[in-house]
Amino acid sequence: MNVAHELAPTRAQLEKLARPLGFVPTMGALHAGHLRLVEVARRECKSVAVSLFVNPMQFGPQEDYERYPRDFEADSALLAQAGVDLLFAPESTTMYPPDFSTFVDVGKLGTRFEGAARPTHFRGVATVVAKLLHVVEPDVLYLGQKDAQQTAVLTRLVRDLNFTTRVQIVETVREADGLALSSRNAYLSVQERAAATTLYAALQMMLKEIRAGRSVEEAREAAVRVLSSQARLEYLNLVDAQTFSRLQTLRPPAFLIGAARFGRTRLLDNLWIRE
Ligand code: AMP
């Protein structure tokens with residue numbers, strides 16, 4: 001199998017695109033959150049490329065790789081409508097030939113919080129994004145705040161591996177009731193969907209209490225009381241935005257991060273405290 005040969009048409013198309021080129025990596029099942037990244041990229045760059053690839057490397061063995069929502073037709077129509085210049089939707093075998101064995105290890109940052117819950121997740125994310133950056137060679141990489149730890153991991157990857165792309169983080173897009181848009185919201189039952197809004201409410205409560213001078217622990221207790229009894233909380237913490245180490249006092253840039261299960265569905269949310 002010759003991967004360079006398989007990628008040749010994409011490379012030829014990319015060479016024709018006007019610079020600066022913005023790049024939005026996605027796993028498809030597109031919603032208004034993904035489209036916001038495209039919109040910001042369109043505003044700031046002369047061309048926009050989007051990748052659509054459900055990356056098997058970032059899913060654990062017991063996770064939802066098989067049932068992750070996929071709708072290529074709908075996604076490509078949305079992207080065409082949004083004025084995307086290039087859609088890169090590689091086959092799994094193009095990205096991972098059968099004897100693939102080279103990974104990007106992100107170190108300690110990839111072992112905390114999401115990395116503790118999903119031990120091989122960030123290795124998979126970092127590996128696929130490094131590969132995508134090599135193929136696309138964008139000027140700007142657009143990432144959603146929604147996946148806060150991913151923004152820290154990928155900002156570090158770009159610096160550590162000397163990619164010349166700039167990283168731009170785009171604020172989380174939410175439903176009217178505050179629930180962060182996510183492709184995984186499709187898994188929620190009506191009751192779980194109603195309970196899921198309390199994750200954002202808990203984060204807001206925690207920030208309010210911290211700003212009012214309470215300790216992180218006291219603020220956390222107040223936040224937990226806001227959470228639905230249906231939620232199984234995994235973590236709720238104040239962390240440094242770059243290292244994801246815990247903070248005992250508010251020292252921006254920081255994230256208040258939360259993860260909880262609603263039924264079988266694990267949801268993430270965060271507040272970004274820039275100053
Ligand atoms: P995914 O398809 O889940 O891998 O997400 C692709 C990109 O879209 C990532 O950079 C996500 O952080 C971003 N994203 C996902 N949900 C949202 C949202 N609600 N608002 C803004 N960006 C998002």
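Start by selecting Asp-269 and Arg-174: they form a salt bridge (a side-chain nitrogen of Lys or Arg within 4 Å of a carboxyl oxygen of Asp or Glu), with the closest N and O atoms 2.8 Å apart. Asp-269 sits in strand 8 and Arg-174 in the loop between strand 5 and helix 8, so this pair ties together parts that are 95 residues apart in sequence. Helices (H or I, at least four residues) and strands (E, at least two) are DSSP runs, numbered from the N terminus. Asp-269 is buried, at 5% relative accessibility, while Arg-174 is partly exposed, at 22%. Here buried means under 20% relative accessible area, exposed over 50%, and partly exposed in between (1.4 Å probe, protein chains only).

A note on what you are viewing: this is a predicted model, in which local features need pLDDT of at least 70 and side-chain atom pairs count only at pLDDT 80 or more, while totals for chains, interfaces and linings use all residues. Residues are numbered from 1 along each chain as its sequence is written, and side-chain values use heavy atoms, leaving out hydrogens and water.

Next, select Glu-171 and Arg-274, a salt bridge whose closest N and O atoms are 2.3 Å apart. Glu-171 belongs to the loop between strand 5 (166-170) and helix 8 (190-211), and Arg-274 to the segment after strand 8 (265-273), so the pair links parts 103 residues apart in sequence. Glu-171 is partly exposed at 47%, and Arg-274 is partly exposed at 44%.

Now select Asp-160 and Arg-159, another salt bridge, at 2.7 Å between the closest N and O atoms. Arg-159 is exposed, at 57%, and Asp-160 partly exposed, at 43%.

Finish with Glu-114, Glu-234, Arg-261 and Arg-266, which are linked in a network of salt bridges. How many salt bridges does the structure hold? There are twelve.
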